[in-house]
Amino acid sequence: MGFEFSVITDSIPALLAGAKLTWIITLLGIFGGMIFGILAGLGRLAGSEYLGETPHNRLSKGVATFIRYLSGGYVETIRGTPIIVQAMFIYFAFPMLVKALTDIERFRIEALTAAVITIVINAGAYIAEIVRGSVMSVNKGQIEAGLSLGISRFQLIAHIIGPIAFRRMIPPLGNQFIISLKDTSLFIVIGVGELTRQGQEIMASNFRALEIWLTVAIMYLIMTTVLAMSLRTIERKMKIF
Amino acid sequence: MAHIIEMQDVCKSFGHTQVLHNIDFAIEEGEVVVIIGPSGSGKSTLIRCINCLEMISSGTLIVDSIRIPEERKRIREIRLEVGMVFQQFNLFPHLTALENVAFGPLKSRGMKKKEAVDIAADLLAKVGLSTFQDKLPGQLSGGQQQRVAIARALAVNPKVMLFDEPTSALDPEMIGEVLDVMKSIAHQSGMTMAVVTHEMGFASQVGDRLIFMDDGRIVEEGKPSEVMKNPRSERLRDFLGHVKHH
Ligand SMILES: Nc1ncnc2c1ncn2[C@@H]1O[C@H](COP(=O)(O)OP(=O)(O)OP(=O)(O)O)[C@@H](O)[C@H]1O
Ligand SMILES: [Mg+2]
């Protein structure tokens, strides 16, 4: 029972289908994660000078504090629990919660949907910290220069703080995107037919561990390389300052 | 004469430290006021209060007839009328020189792109930087960056310009080019200016009035040449001796 190349060629269509699902979950997940991350990252800085808040011009103190606690609670909860528990919670526990709290009888979440939501929420928490750190690194003088021109806070964030901070976010974002892609392999536990699950099923029927896991590993490597290279391209296209 | 800026009994504290003590002072339209004083005397704080980068703790500030604190909702209007130039230039690092200067007209004055770019190109020509339009701040010398920063503040078409030690971060050979630009703004456009600087030559040539601050108070003021020739207080004499030796 040596290394059988035909095992690989036979398994490729099923593995590709799995890889496609992995790719879809990752892309939707990091897209949503970016939205969550930007909102929560800025939320944790609500009412601070990092967003050009000056003492006379701030959000009502109560609102800002509420937003800060809400965002902070989200980030700490997600960072403090394993992603596999989060997936289980969303897929199994959340529908129970809905049933317990409402009259909805047959509430359930598709496994694929649960997988995407898990990545969105999980990546969002880590991206929030990336956003927060990058925004805090923007020079205070540049924020004051913007304010002194009489622009609004929204313009300040959109045209000055945002672009300067974004440049610094790219390397850590690349890291997080790759982690999120690999995290999709955990959805084997909620029965999503992604790449790892496809590998596992083929392996269970033919016991060719070497050929199958080698192919699976290479497919992951190709996908993470594509992600890393796209971010490098974005980085290179941006002006250097 | 019309006062474009007025401070009545203004105090400013950071936490428990009081930095400005009962400041009463006004600037007339077209006047160039030079502010000097030792480090920590409150010069920056004073001019940062004028465009509300710092909020006064008590007293009244009137800028172009907008009253603070009563009309604090109108701070953006004040900032449109009051441009500021910083010691560290603070150009937007991701924008070219032209984009930096066009930023104000475009975003805060809401002009059309073409109009804003025309204004920016004109101003860059005025500060002698037409050929550097497409350079990023990181590709410019300190003196060039500061001239772009002056053009950026002027582009919003303010009535008053504030300068906080605009030449202090520059190598000696670049100080002249920035002072020359400031002189031409004062002389050609009759701009109202408040300038914190230790350049005594500039103060006597361009300044209509010299203010000496110490420990959060205005200690002496008057015509620059007179104040410098006949300092009344010991502290100003000490300070002038110090500045001249540098
Ligand atoms: N944001 C702040 N928080 C706390 N204290 C501050 C703050 N800004 C200034 N101060 C204090 O206020 C005092 C006056 O500072 P300011 O910067 O106005 O002085 P300055 O005359 O401009 O000095 P320099 O010549 O060094 O620029 C100093 O004692 C300074 O430590
Ligand atoms: Mg200062």
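What follows goes from the interface as a whole to one helix within it.

This is a predicted model, in which local features need pLDDT of at least 70 and side-chain atom pairs count only at pLDDT 80 or more, while totals for chains, interfaces and linings use all residues. Residues are numbered from 1 along each chain as its sequence is written, chains are lettered from A in the order in which they are written, and side-chain values use heavy atoms, with hydrogens and water left out.

In chain A, 21 residues are in contact with 28 residues of chain B, contact meaning heavy atoms within 4.5 Å. The area buried between the two chains (the accessible area, with a 1.4 Å probe, lost on putting them together, summed over both) is about 2300 Å², and carbon and sulfur atoms give 62% of this area. The count between chain A and chain B is 1 salt bridge, a term for a side-chain nitrogen of Lys or Arg within 4 Å of a carboxyl oxygen of Asp or Glu; Glu144(A) forms a salt bridge with Arg48(B), with the closest N and O atoms 2.7 Å apart.

On the side of chain A that touches chain B, helix H5 (140-148) and helix H6 (153-183) of chain A each supply at least two residues, helices being DSSP runs of H or I with at least four residues, and strands runs of E with at least two. H5(A) gives the most, with 7 residues.

Because 8 of the 9 residues of H5(A) are buried, this helix is largely enclosed by the rest of the structure, where buried means under 20% relative accessible area (1.4 Å probe, protein chains only). The buried residues of H5(A), including Ile143(A), Glu144(A) and Leu147(A), pack against H6 of chain A together with helix H1 (43-50), helix H2 (75-81), strand E6 (82-85) and helix H5 (142-155) of chain B.

How values were computed
Buried < 20%, exposed > 50% of the residue type's maximum accessible area, 1.4 Å probe, protein only.
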